[in-house]
Amino acid sequence: MAAMWSPIIGLLLLLLPLGPSSAIKFPLEGNVYPVGHFYATLNIGEPAKPYFLDVDTGSNLTWLECHHPVHGCKGCHPRPPHPYYTPADGNLKVVCGSPLCVAVRRDVPGIPECSRNDPHRCHYEIQYVTGKSEGDLATDIISVNGRDKKRIAFGCGYKQEEPADSPPSPVDGILGLGMGKAGFAAQLKGHKMIKENVIGHCLSSKGKGVLYVGDFNPPTRGVTWAPMRESLFYYSPGLAEVFIDKQPIRGNPTFEAVFDSGSTYTHVPAQIYNEIVSKVRGTLSESSLEEVKGRALPLCWKGKKPFGSVNDVKNQFKALSLKITHARGTNNLDIPPQNYLFVKEDGETCLAILDASLDPVLKELNFILIGAVTMQDLFVIYDNEKKQLGWVRAQCDRVQELESVIDSRL
Ligand SMILES: *[C@@H]1O[C@H](CO)[C@@H](O)[C@H](O)[C@H]1NC(C)=O
């Protein structure tokens, strides 16, 4: 019996401190594969309409595809999940010199000057690893936990660019959860119930998950905490060294680690990528797995029979881990095979770690970019108040179920 209860108690200990808090809870949909996104539903406007927004802790600006009264919707998806957000002219009246617009300009690097012809608009442009969005800042009402309302600012994205081979998008836009002053969590802090800017997400390996934004008390036990490196543009717990099967990588290179829920896969500098690939190949040389080239991903393997899930193949791979060094010491972030592999619909398994040097933006940054695949079944906390990052292993598919039976103001 005790053994049966222990995982549940573990979860309750994790969740109880979340109890009478005043955070906003967003159930998440999506998965690493085949969807490639984890997304929250935001109810925007009056009457409120739902929009799916990709949960992105790697960028500051929230925006959605938008039918602009002057510019229309260029490069918008022909079949978005929902009809385009259509603001009234009044929603777009954010004066260029206003504190809000100034804050957004600070948060989003490389925004061009405001147009003199149009000082009553706050224009933005934001560049991603894949694609770009351009538009004007809008303000509108969102409904919070189905009860309260809050006016927030976000981008009305009237012009999008993305690579021609992009699959149809399951989302209407992006929920920017970066540390910026105009970021989504920073804006919610103005809401009457929410006094703190703390973000937590639990992305389940079975798909779905949960996002908390607000002043929930992070779990008190089991969490590994590292100070947030403030010098950086992204959430980073420090410098990381990669270990494979407990052995450090040749030359012990270290790179800044970054948590980015908006990236589906994990990206590492070429030096680390090549070493991981050669170690994995070495481990598999005696196995029955046959290396094949994936269509979207460079490295996949086929078994004698198609794999049903990562569980069927994970024992053939070794664990990775990151040794993270920061001002208060060192921490480990374990990356078991299920956090760096996934199984496709055809039953092949692929490496979900990519070579960052093949991407022009990431190449310059030289980060170990920890994407959603590696954060699955971890409860990750971005505490912008105490300026620290935390993580603890959790059964992210059971969080919602258990939460409904515990006292909570969520
Ligand atoms: C987010 O905003 C902060 C504060 O303005 C800025 O320092 C940081 O560079 C921005 N991050 C990104 C990814 O643009």
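Visitor: Which domains does the domain assignment of the chain give, and what are their bounds?

Guide: Happy to show you around! This is a predicted model, where local features need pLDDT of at least 70 and side-chain atom pairs count only at pLDDT 80 or more, while totals for chains, interfaces and linings use all residues. Residues are numbered from 1 along each chain as its sequence is written, and side-chain values use heavy atoms, leaving out hydrogens and water.

The assignment gives domain 1 (20-215) and domain 2 (224-398); such bounds come from an automatic or database assignment. Their C-alpha centres are 27 Å apart. Where they meet, 28 residues of domain 1 are in contact with 33 residues of domain 2, contact meaning heavy atoms within 4.5 Å.

Between them, the domains bury about 2600 Å², with 58% of it on carbon and sulfur atoms. Buried area is the accessible area (1.4 Å probe) that two parts lose on being put together, summed over both. On the domain 1 side, Val32, Tyr33 and Met179 lose the most area to domain 2, together 25% of what that side buries.

Now for the links across this interface. The rule finds two salt bridges there, each a side-chain nitrogen of Lys or Arg within 4 Å of a carboxyl oxygen of Asp or Glu. It also finds 19 residue pairs in polar contact across the interface, both residues at pLDDT 80 or more. A polar contact is a pair of N or O atoms within 3.5 Å; within protein, one must be able to donate a hydrogen and the other to accept it, and residues adjacent in sequence count only if both atoms are side-chain atoms.

One more salt-bridge detail to look up in your view: the side chains of Glu385 and Lys189 form a salt bridge (3.0 Å, N to O).
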